[in-house]
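Subject: Structure for you to look at

Hello,

Here is the structure I promised to pass on. Please open it alongside this message, and my notes follow below.

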Amino acid sequence: MKRRRVHSIAIELTSHCNQRCSYCYNAWREDNGRSVGALPGPQLMAVVERALTELELDHVTLTGGETFARADVFDVMDACRRHEVDIQIISNGGLIDDTLAARLVPYPIRCIQVTLNGPDAQLHDSHVGGEHFAATIRGIEALRRHGVPVAGCIVVTRRNAAVVGEILDLFVGLGVRLIALSRFSPAGYAAANVAELLPSRTDMITCLQQAELRGAEHDLDLQVTMPVPPCVVDHADYPHVRFGGCPIGTEAQELALGPSGELRSCTLHTESLGDARSQPFSTMLDAPSLAAYRDVTPEFCAPCPHRSSCLGGCGAAAASVLGNPRGLDPFVAQHVDEAFAARLEHARRGSSSLPVVQ
């Protein structure tokens, strides 16, 4: 059987997490995944083995919930190593100690991505819920001591955009030079916090100016990993920052294998392409919704020469906040849609809640 080429697949090992981040895109975060759970070990390993056998993958991303909240994560890593597939891991770092870090050393790990959302405990912990800053720092330090590659991440919100430079300085002090600037996208659970966290164009420019200075000074590898459409920010103004776009339907696509076995077009989208426990991956990859994803762009984007690559931003956020998966990303809509901008401002004056338009 000829394997289908897919850039990567993000395996959501569990819906449980030891943090409750206000920016979390997991749709199940409201009850910390209790209604979703996770596949039992034998079912998980059967699906993972099929994915590694049926797909030609550049790498696998292990995520959750919290990746290391699942005790049999090393069984999955063993399978990846056996199939000679590289591994990336997304973790909040809080469960990582020297023992765990040492155990990770033999595996083909490209990086473990750990997020810091403030230069101090107060700002970071206000984003992630609870007291986690010190544990996250200890986790990064343990990984660095054992030579496990670490990538940093900052979820850029309207609350921390002004201190992104200080957070980058903290990462540099920890020896981390590869850092993702993950512009807050109000998809899934995070849609409830769009008014509180959605950065404006001014916020992103403030963030990017600081990133550009640090990138040049410290030779950092910086990438904006959530879409920041060029109609909002001119990418050319920041030569030391790389900008990504929506990868769905491109050679860079990362599929998502959910904790119940459902395959989705990315970790932010909720629509299922099929059940990986019973369906071949090739069949699910031929789902009409995936094949046609890039065929439709928001009406606002029609005259734009970048529409086929930009797609109007993050469709998952448009679905979660505006009820239209191919509508404008709220990050863009806040500046060009007067009705949405008014709703957003009203929510900010009264509460952080912004009901989805049906």
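**What I found**

Five of the six residues of strand β6 (residues 178-183) are buried, so to speak mostly covered. Please keep in mind as you read that this is a predicted model. The partner of β6 is strand β5 (residues 150-156), and the two pair in the parallel sense over five bridges. If you want a place to start looking, V155 stands opposite S182 in β6.

**The chain as a whole**

Stepping back, the secondary structure of the protein chain comes to 14 helices and eleven strands. Its radius of gyration is 20 Å, close to the 21 Å that the globule rule gives for 358 residues, so the chain is as compact as a globular protein of that length. Along the principal axes, the C-alpha trace spans about 50 × 45 × 40 Å.

Of the 358 residues in the protein chain, 54% are buried. If you take the contacts between residues at least 6 apart in sequence, 70% of them join residues at least 24 apart. The protein chain exposes about 15,000 Å², and carbon and sulfur atoms supply 51% of that area. As for charge, there are 31 positive and 41 negative charges, and their mean positions are 2 Å apart.

**Around β1, β9 and β10**

Strand β9 (residues 254-257) pairs with two strands that I would like you to see. With strand β1 (residues 4-12) the pairing is parallel, over four bridges, and here S8 stands opposite E254 in β9. With strand β10 (residues 262-264) the sense is antiparallel, and two bridges join them. In that pairing, A256 stands opposite R264 in β10. The hairpin of β9 and β10 has four residues between the strands, and G261 takes a positive phi near 95 degrees there.

**Two residues of β2**

Which residues does L57 touch beyond its neighbours within four places in sequence? L57 lies in strand β2 and is buried, with a relative accessible area of 12%. Leaving those neighbours aside, L57 is in contact with R5, V6, H7, S8, I9, A51, L52 and V85. L57 and R4 are 53 residues apart in sequence, yet 8.5 Å apart in space from C-alpha to C-alpha.

T63 also belongs to strand β2, which covers residues 55-63. Is T63 buried or exposed? Its relative accessibility is 4%, so T63 counts as buried. Apart from neighbours within four places in sequence, T63 is in contact with A10, I11, E12, L13, T14 and I90.

**Helix α12**

The buried residues are G315, A316, A317, A318, S320 and V321. What do they pack against? The buried residues of α12 pack against α13 (330-336) and α14 (338-350). Just after α12 comes G323, which takes a positive phi of about 75 degrees.

Over to you, and happy browsing!

Best wishes

How values were computed. Residues numbered from 1 in each chain as written. Predicted model: local features only at pLDDT ≥ 70, side-chain atom pairs only at ≥ 80, totals over all residues. Heavy atoms only, no water. Rg over C-alpha atoms; globule rule 2.2 N^0.38 Å. Buried < 20%, exposed > 50% of the residue type's maximum accessible area, 1.4 Å probe, protein only. Contact = heavy atoms within 4.5 Å. Areas by Shrake-Rupley, 256 points an atom, 1.4 Å probe, with all protein chains shown as cover. Lys, Arg positive; Asp, Glu negative; His and termini not counted. Charge placed at Lys NZ, Arg CZ, Asp CG, Glu CD. Pairing = 2+ DSSP bridges.
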